[in-house]
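Colleague: I would be grateful for a guided reading of this entry. Please give the general idea behind each feature and then the case at hand.

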Amino acid sequence: ADCGTYGALDEVCERRGLSRLAGLHCYDVFGGADRLRAMFEAEPGTYVLTDFLVRSFGRTVIAELGLDRYPELRDDYFAHYTRMVWLAQRPDDELRTLARAAADRIGLPLVVVETGHTGLERALAELLVP
C-alpha cells in the first residue's frame, strides 16, 4: 500500500509496470479501508499502530521524533490525538505490553482491534490473480 508517499508510489509503479496493494496506507490493508474511514470519521484524533510499529515504536516514533532527548515535545506532536488504535495482526503478551507502553508513553488510551492477516492475505491474492 502507499504508506505515506501520497501518490508517489503509484507513479513509480506505473513507470515500472508494477502493481501495488490497494489502499491509502498499510492500515487499509490490515484493518480494511471502510473500517479505517469509519474509525477516523468517528474520532479524527486516532493514532494507528500495526504490529511492526508496536515492536519498533521506541525507534520509529520516540527516537525519530527526538522524544527520547526532548520529552517536552510530546504535547507538540500529540496534543490533538485522542486515542491510539493498535491493528493487532498477531497479538501476544509481549506485543500487548509494548502497545500499552507506547500508548502510555504519549499519553493516549489504547484500543486494540484484532485484525489478523486476513486483509493482507486478501490483498495479496488480488494482486496475484489476473
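Colleague: What is the mean pLDDT of the protein chain?

Modeller: pLDDT is the predictor's confidence in each residue, on a scale from 0 to 100. For the protein chain the mean is 90, and 99% of the residues reach 70 or more. Confidence is lowest in helix α7 (residues 118–128), with a mean of 80, and highest in α6, at 97. This is a predicted model, in which local features need pLDDT of at least 70 and side-chain atom pairs count only at pLDDT 80 or more, while totals for chains, interfaces and linings use all residues. Residues are numbered from 1 along each chain as its sequence is written, and side-chain values use heavy atoms, with hydrogens and water left out.

Colleague: How many helices and strands are there in the protein chain?

Modeller: Helices (H or I, at least four residues) and strands (E, at least two) are DSSP runs, numbered from the N terminus. The protein chain has seven helices and three strands. Their order from the N terminus is α-α-α-β-α-α-β-α-β-α.

Colleague: In which order do the strands form the sheet?

Modeller: Strands of a sheet pair through backbone hydrogen bonds, either parallel or antiparallel. Two strands count as paired if DSSP finds at least two bridges between them. Here three strands make an open sheet in the order β1-β2-β3, with parallel pairing. β1 (46–49) and β3 (110–114) are the edge strands, each pairing on one side only. Strand β2 (residues 83–88) is joined to β3 by five bridges; Ala88 has Glu114 of β3 as its bridge partner.

Colleague: At what angle do the axes of α4 and α6 cross?

Modeller: Axes are lines fitted to C-alpha atoms, for helices over the stretch in contact, and angles run from 0 to 180 degrees between N-to-C directions. The axes of α4 (residues 51–63) and α6 (residues 93–106) come within 9 Å and cross at roughly 40°. The two helices are therefore oblique to each other, since angles under 35 degrees count as roughly parallel, over 145 as roughly antiparallel, 65 to 115 as roughly perpendicular and the rest as oblique.

Colleague: Which residues make this contact?

Modeller: Contact means heavy atoms within 4.5 Å. Among the residues involved are Val54 and Phe57 of α4, and Leu95 and Leu98 of α6.
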